[in-house]
Amino acid sequence: MPRTPPGTQSPWSSPDAREREREAKREAVLRTAARFFNERGFHATSLDDVAAALNVTKPTIYHYFASKDEILYECTRRGLDQIAAIARRSADQRGTAADRLRAMLTAYALIMLDDFGICVARTQDHLLSPDSRKGFRALKREIDGLIRQVIAEGVAEGSLSVPDVRVASFTAGVALNGLGSWFRPDGPVGAEETARLTVAVLLDGMRPRPPFPTSTEEN
C-alpha cells in the first residue's frame, strides 16, 4: 500500500462513516414520516411533506426508500422489532414468570408510546402491500406467542392465574396497543407512569387469589 504523504487529508468520508451517515438519514426519514402518519394519517401524508420537514427534495427520499408503503412498513417494523426483541429477552430471563411478564409488558408499553409504536397502533394492516402485510402479521404473531408462553409458565408455576391463556394474552396485547391511540405526551401522566399503571392493572387481573372460605371453614 502506498504511503500517504504527511499532511494529506481526504475530504471523502470513510466507508464506515458513509454507512453511519446513510443510516442516520434513513432513521431521520422514518422518524419524521412516523410523526406525520401518526398526526395526519397515512393517506393524508405525502412524501413532499416529509421532504419539506427534512429540508430535502422528494428524490432524496427515494434515494433511501422505494415508496411511501415501504416507509410505512419500516416504521411499523421498527416498533414491532423492538417489542419482539424485548419479549424474547424477557422470556429467557430468570425469575418467576410473573416478574418476567411484568418486565415484558412494561417495555412493550413504553415502546407503544414512542413514535414507531404509535405508528404500529394506528396502522391497519390493509394499508400495507401484501408482502409487507405478511411481515407485519408474522411479527405480531411472534410477540403474542411469547406473551402466551410466559403466561402459561406462570400458570404452571403458580405465580399467575388466568382462566384462559389465549384470552389473557390477547387482552394484554389489545390494552397495550391501545396506548398509542389515546396517550398524549402533554397529558397529566407521563409515559413511564402510564406504562407502569397500565401493566399494574393487567397483572392485577392475573395474580392468584386465595380461595374463598367455605361455610364449613367459617364454622
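I am working from a predicted model.

Entry on Q82. Q82 belongs to helix α4, which spans residues 68-92. When I set aside the neighbours within four places in sequence, I find Q82 in contact with I111 and F116. I also checked T60, which is 22 residues from Q82 along the chain, and the C-alpha atoms of the two are separated by 27 Å.

Entry on α4 and α7. I next asked how helix α4 packs with helix α7 (residues 130-157), and the angle is about 20° with the axes 9 Å apart. I therefore note α4 and α7 as roughly parallel to each other, and I record the crossing of α4 past α7 as left-handed. The contact includes Y73, L80 and A84 on the α4 side and F136, L139 and I143 on the α7 side. Sorted by class, this contact has eleven nonpolar, four polar and six charged residues.

Entry on α1 and α2. For helix α1 (residues 15-40) and helix α2 (residues 47-54) I read a packing angle of about 125° and axes 10 Å apart, which makes α1 oblique to α2. I note that α1 passes α2 in a right-handed crossing. In α1 I find A28, V29, T32, A33, F36 and R40 meeting D49, V50, A53 and L54 of α2, and by class this contact has seven nonpolar, one polar and two charged residues.

Conventions. Residues numbered from 1 in each chain as written. Predicted model: local features only at pLDDT ≥ 70, side-chain atom pairs only at ≥ 80, totals over all residues. Heavy atoms only, no water. Axes fitted to C-alpha atoms, helices over the stretch in contact; angles between N-to-C directions. Helix = DSSP H or I, 4+ residues; strand = E, 2+ residues; numbered from the N terminus. Parallel < 35°, antiparallel > 145°, perpendicular 65-115°, else oblique. Left-handed = near helix turned anticlockwise from the far one by under 90°. Contact = heavy atoms within 4.5 Å. Nonpolar A, V, L, I, M, F, W, Y, C, P; charged D, E, K, R; others polar.
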